[in-house]
Amino acid sequence: MKLVIVDRDGTINIEREGYIQTPDEWEPLPGALNAIAQLNHAGYHVVIAANMPGLGRGLFDVAALNDIQAKMNKQLAAVGARVEAMFYCPHAPDEGCACRKPLPGLFQQIGERYKVDLSQVHAVGDSERDAQAAAAAGCIPHLVLTGKNAPAQPGALPPAFPPGTRVHADLAAFATALIGQAEADEAAPRPAAV
């Protein structure tokens with residue numbers, strides 16, 4: 001199974017101060033929904049891994065989160081795309097859970113659910129905590145420069161980023177690079193069997 005793990009706020013949609021609490025506040029980033037469609041059409045299953053501390057702080061409830069996801073899913077369907085599932089940490093930052101990024105708990109849950117080798121899974125987000133969680137779980141970390149926590153200079157990642165973090169302008173650039181690399185790998189000549 002070809003699986004990609006994607007962060008939500010700042011990667012798929014515009015990140016807002018105080019968290020996205022209603023469907024009206026959810027707005028996709030330019031090109032992000034089409035990028036997911038591009039990944040789907042190339043055979044990738046897309047899963048979201050997101051911290052949702054607004055739940056733990058009581059700023060919104062699971063029903064509101066489901067309404068926001070329904071809006072996102074409807075807009076994805078309109079461009080021929082889909083997200084398989086959303087795994088989220090519902091805890092506030094001070095609760096000491098194992099699932100809040102930068103810890104790898106969400107990624108490990110995804111690996112268990114889909115029975116995949118996480119070392120073969122590309123994970124993309126807009127912050128160092130996304131890259132740290134991906135690397136801690138054994139995934140291949142990618143950074144997009146679309147969120148409020150992304151570094152301003154792509155060539156000079158701070159040392160907190162895992163070595164080998166790949167940087168892309170946005171989710172569309174990530175999708176193009178990943179699909180292009182997969183196609184190049186498939187087209188590469190294989191050594192002859194002896």
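The largest pocket of this structure has a volume of about 330 Å³. Before I describe it, a note on the source: this is a predicted model, in which local features need pLDDT of at least 70, side-chain atom pairs count only at pLDDT 80 or more, and totals for chains, interfaces and linings use all residues. Residues are numbered from 1 along each chain as its sequence is written, and side-chain values use heavy atoms, with hydrogens and water left out.

Let me turn to the pockets. A pocket here is an open set of points on a 1 Å grid over the protein atoms alone, where a 1.4 Å probe fits, with protein on both sides within 12 Å along at least five of seven lines; lining residues have an atom within 4 Å of a point. Points are joined across faces, edges and corners, and the volume is the space filled by probe spheres set on them.

The largest pocket is lined by 18 residues, and Tyr44, Gln120, His122, Leu178 and Ala182 are the closest to its centre. Helices (H or I, at least four residues) and strands (E, at least two) are DSSP runs, numbered from the N terminus. In those terms, α6 gives the most to this lining, with 6 residues, while β1, β6 (166–168) and α6 each supply at least two. By class, the lining of the largest pocket divides into 8 nonpolar, 5 polar and 5 charged residues. For these classes, Ala, Val, Leu, Ile, Met, Phe, Trp, Tyr, Cys and Pro count as nonpolar, Asp, Glu, Lys and Arg as charged, and the others, Gly among them, as polar.

The second largest pocket has a volume of about 280 Å³. Of its 16 lining residues, Glu15, Tyr19, Asn51, Pro53 and Arg129 are the closest to the centre. Two or more lining residues come from each of β2 and α5 (128–137). The classes in this second lining are 4 nonpolar, 3 polar and 9 charged.

Tyr19 also has a backbone feature: its phi is near 75 degrees, a positive value in a residue other than glycine. Tyr19 sits in the loop between β1 (2–6) and α1 (32–41).

Lys115 counts as exposed, at 72% relative accessibility. Most residues other than glycine have a negative phi, and most peptide bonds are trans. A cis peptide bond joins Lys101 and Pro102, with omega about 25 degrees.

Which side chains make polar contacts with that of Asp7? A polar contact is a pair of N or O atoms within 3.5 Å; within protein, one must be able to donate a hydrogen and the other to accept it, and residues adjacent in sequence count only if both atoms are side-chain atoms. The side chain of Asp7 makes such contacts with those of Thr11, at 3.2 Å, and Lys101, at 2.9 Å. Asp7 is buried, with a relative accessible area of 8%, and is found in the loop between β1 and α1.

Methods:
Buried means under 20% relative accessible area, exposed over 50%, partly exposed in between (1.4 Å probe, protein chains only).
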